[in-house]
Amino acid sequence: MCDLRFKFSFFGFIVFMIPMLINIVYVIFPPINAVEEATNVNKIWESIEGITRVLYAIAICILVSNQKINFKSPWFILGLVFLILYYIVWMRYFIGGRDVKLLGKSFLFIPLPLAIFPVLYYLFAAIWLHNYVAVIFMVIFGIAHNIVSYISLYNK
């Protein structure tokens with residue numbers, strides 16, 4: 001089950017970077033009506049979020065499974081679906097005039113899509129790559145990230 005070895009993972013690096021590309025565009029084109037960040041976010045959750053984000057990135061990029069990568073795997077397909085949904089929500093934001101309210105607006109009845117979709121993408125991608133260390137980090141990150149996102153959006 002856990003046949004990981006230390007080696008640079010090209011696929012892991014690509015998996016990690018694809019969702020990050022939109023963040024470059026976001027920095028160049030920030031919200032037109034940006035609001036002050038919430039200050040009541042629990043620092044412990046923020047720390048857990050930050051640490052597990054880094055640990056996931058390290059694990060997905062330097063741990064490689066001996067198992068064959070299958071591009072027909074349901075895990076790959078599910079990851080791709082959530083990646084596409086993630087980019088659709090970002091497109092809604094940019095096409096919608098970069099209104100900050102769009103960042104937290106539900107999509108397909110799913111609350112916090114910009115917190116949920118990338119976590120599911122990263123989770124399914126790690127399963128697809130048979131990287132169960134990264135899976136553990138992403139589960140922890142996902143919990144912390146969604147708590148921080150919820151507090152940031154709804155407890156101002």
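Student: How many aromatic pairs does a search of the whole structure find?

Tutor: The search finds 21 aromatic pairs. Rings of Phe, Tyr and Trp (its six-membered ring) pair if their centres lie within 6.5 Å; planes under 30 degrees apart count as stacked, over 60 as edge-to-face and the rest as tilted. Please keep in mind that this is a predicted model, in which local features need pLDDT of at least 70 and side-chain atom pairs count only at pLDDT 80 or more, while totals for chains, interfaces and linings use all residues. Residues are numbered from 1 along each chain as its sequence is written, and side-chain values use heavy atoms, with hydrogens and water left out.

Student: Why is the pair of Phe82 and Phe124 called what it is?

Tutor: Their ring centres are 5.8 Å apart and the planes stand at 35°, so this pair is tilted. It links distant parts of the chain, 42 residues apart: Phe82 is in helix 3 (residues 74-95) and Phe124 in helix 5 (residues 113-128). Helices (H or I, at least four residues) and strands (E, at least two) are DSSP runs, numbered from the N terminus.

Student: Is Phe82 buried or exposed, and what about Phe124, buried or exposed?

Tutor: Buried means under 20% relative accessible area, exposed over 50%, partly exposed in between (1.4 Å probe, protein chains only). Phe82 has 15% relative accessibility, so it counts as buried. Phe124, at 12%, counts as buried too. As for helix 5, it is mostly covered, with 14 of its 16 residues buried.

Student: How do you know that the length of helix 3 agrees with its number of residues?

Tutor: The expected span of a helix is 1.5 Å times one less than its number of residues. For the 22 residues of helix 3 that should be 32 Å, and its end C-alpha atoms are 31 Å apart, which agrees. Helix 5 has 16 residues and should span 22 Å; its end C-alpha atoms are 22 Å apart, so that agrees as well.

Student: What makes helix 1 roughly antiparallel to helix 5?

Tutor: Helix 1 and helix 5 pack at an angle of about 170°, with axes 11 Å apart. Axes are lines fitted to C-alpha atoms, for helices over the stretch in contact, and angles run from 0 to 180 degrees between N-to-C directions. Angles under 35 degrees count as roughly parallel, over 145 as roughly antiparallel, 65 to 115 as roughly perpendicular and the rest as oblique. Therefore helix 1 is roughly antiparallel to helix 5.
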